[in-house]
Amino acid sequence: MSKKANIEGLYTALEEAAGLLDTACSRERMWPVLTAFQDVIGAVVFNTVAGDSLSFDFTTPLSDGDPYERALAHGLVEEIDHPVRALFADLRAHMPLQGYGVDYAVTGIFNKAYALFPMNRRQELASLADIASMPPGLAEHMGTFAAHGLDGKISAIAIDYASRTWNVYFNGLSAQHVERGALRALLADFGMPDPSEELLAFAEGSAALYPTFGWDSDKIDRVSFSRRTTDPVQLPAHVEPSLDKLARNAPYTYDGERIMVYAGVLAPDREYYKLATYHHLASAALDRVRSRN
């Protein structure tokens with residue numbers, strides 16, 4: 001969507017998607033974001049967590065650098081005095097990045113930024129653990145990740161500035177990775193409770209997983225399992241009716257069926273689901289979850 005993105009059209013689509021969730025979309029807060037990134041917006045995805053609110057992801061090119069820097073330059077965020085701010089620069093200096101992604105809430109809050117690796121060059125644990133600014137959780141759990149066959153499957157690293165958390169994305173899971181016994185063993189090793197039958201059945205069809213850590217902790221806060229699909233019923237409507245409504249009606253700009261990514265999330269105290277619907281396809285950089293063949 002770039003060489004300047006049609007931000008009027010994008011804002012209209014954001015309002016439409018937000019309306020499907022009965023949530024407010026603030027033009028006053030979103031317009032500065034859209035104009036600041038207008039010349040670098042690539043693929044666009046609409047996101048919701050349990051149908052409670054809406055945000056949108058978009059890719060930015062590697063040549064534009066860390067998207068948090070652009071947000072800083074436009075007065076959209078404040079500087080953060082924390083070592084995690086060095087992570088993307090360190091990754092770019094030492095790893096083969098393909099580009100970046102940004103997640104903005106429709107309230108104008110910069111939620112998250114992604115450093116995206118090429119899908120044909122997913123990264124190994126040891127290489128990332130050697131990065132000086134990498135948070136401690138990766139090295140702490142490296143043995144567990146490797147024991148469960150996740151080495152060489154890292155497709156992205158994300159920093160959630162709003163929640164003060166970060167993620168590591170493992171992509172290209174096989175049926176063996178998500179067999180019920182393997183799933184239960186993995187989650188137990190992560191310190192997670194046994195999932196419900198409903199979430200377990202969902203995770204069996206997933207192609208990617210990503211644990212979430214606090215910035216300064218090696219403890220895994222939650223684990224998400226993702227599956228990419230064009231079928232809205234991949235997530236039973238009774239689980240999150242608002243997700244079903246967005247999945248069937250979210251606006252999109254490309255030919256063919258609407259492309260979606262569902263995620264099932266397990267935390268120590270609850271389970272819930274997320275939905276991402278692709279609005280505009282422009283780059284493979286946002287392709288963090290591939291379909292399982």
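This is a predicted model: local features need pLDDT of at least 70, side-chain atom pairs count only at pLDDT 80 or more; totals for chains, interfaces and linings use all residues.
Asn111 is a buried residue, because its relative accessible area is 18% and the limit for burial is under 20%. Asn111 belongs to strand β4. When neighbours within four places in sequence are set aside, Asn111 touches residues that include Ser55, Asp103, Tyr104 and Ala105. The contacts of Asn111 also include Ile159, Asp160, Tyr161 and Ala162.

**The barrel**

Strand β4 is part of a closed barrel of 10 strands, which runs β1-β2-β3-β4-β5-β6-β7-β8-β9-β10 with antiparallel pairing. From one strand to the next, the twist averages 20°. Strand β3 covers residues 99-105 and strand β4 covers residues 110-116; the two run antiparallel and are joined by 6 bridges. Within this pairing, Gly99 stands opposite Leu116 in β4. Helix α4, formed by residues 87-94, lies across β3, β4 and β5 (154-160). The direction of helix α4 is at about 155° to that of β5.

**The loop between β3 and β4**

Val106 is located in the loop between β3 and β4. Is Val106 buried or exposed? Its relative accessibility is 2%, so Val106 counts as buried. Leaving out neighbours within four places in sequence, Val106 is in contact with Leu14, Ala24, Cys25, Ser26, Met30, Leu54 and Ser55.

**Aromatic rings**

The whole structure contains 17 aromatic pairs. How are the rings of Phe145 and Phe190 arranged? Their centres are 5.6 Å apart and their planes meet at 80°; since an angle over 60 degrees counts as edge-to-face, the pair is of that kind. This pair links distant parts of the chain, as its two residues are 45 residues apart. Phe145 is in helix α7 (residues 142-147), whereas Phe190 is in the loop between α8 (180-189) and α9 (197-204). Phe145 is buried, with a relative accessible area of 0%, and Phe190 also counts as buried, at 5% relative accessibility.

Ring pairs also link a cluster of residues, namely Phe37, Phe56, Phe58, Tyr68, Tyr104, Phe110, Tyr161 and Trp215.

**Charges over rings**

In two places, the charged end of an arginine sits over an aromatic ring. The table gives the distance from the charged end to the ring centre.

| Charged residue | Ring residue | Distance to ring centre |
|---|---|---|
| Arg227 | Phe202 | 4.6 Å |
| Arg228 | Tyr278 | 5.1 Å |

**The chain as a whole**

The chain has 10 helices and 10 strands. Its radius of gyration is 18 Å, close to the 19 Å that the globule rule gives for 293 residues, and therefore the chain is as compact as a globular protein of that length. The C-alpha trace spans about 50 × 45 × 35 Å along its principal axes. Of the 293 residues in the chain, 57% are buried. Among contacts between residues at least 6 apart in sequence, 69% join residues at least 24 apart.

Notes: Residues are numbered from 1 along each chain as its sequence is written. Side-chain values use heavy atoms; hydrogens and water are left out. Two strands pair if DSSP finds at least two bridges between them. Helices (H or I, at least four residues) and strands (E, at least two) are DSSP runs, numbered from the N terminus. Axes are lines fitted to C-alpha atoms, for helices over the stretch in contact, and angles run from 0 to 180 degrees between N-to-C directions. Contact means heavy atoms within 4.5 Å. Rings of Phe, Tyr and Trp (its six-membered ring) pair if their centres lie within 6.5 Å; planes under 30 degrees apart count as stacked, over 60 as edge-to-face and the rest as tilted. Buried means under 20% relative accessible area, exposed over 50%, partly exposed in between (1.4 Å probe, protein chains only). A charge sits over a ring if NZ of Lys or CZ of Arg is within 6 Å of the ring centre and within 35 degrees of the ring normal. The radius of gyration is taken over C-alpha atoms; the globule rule is 2.2 Å times the number of residues to the power 0.38.
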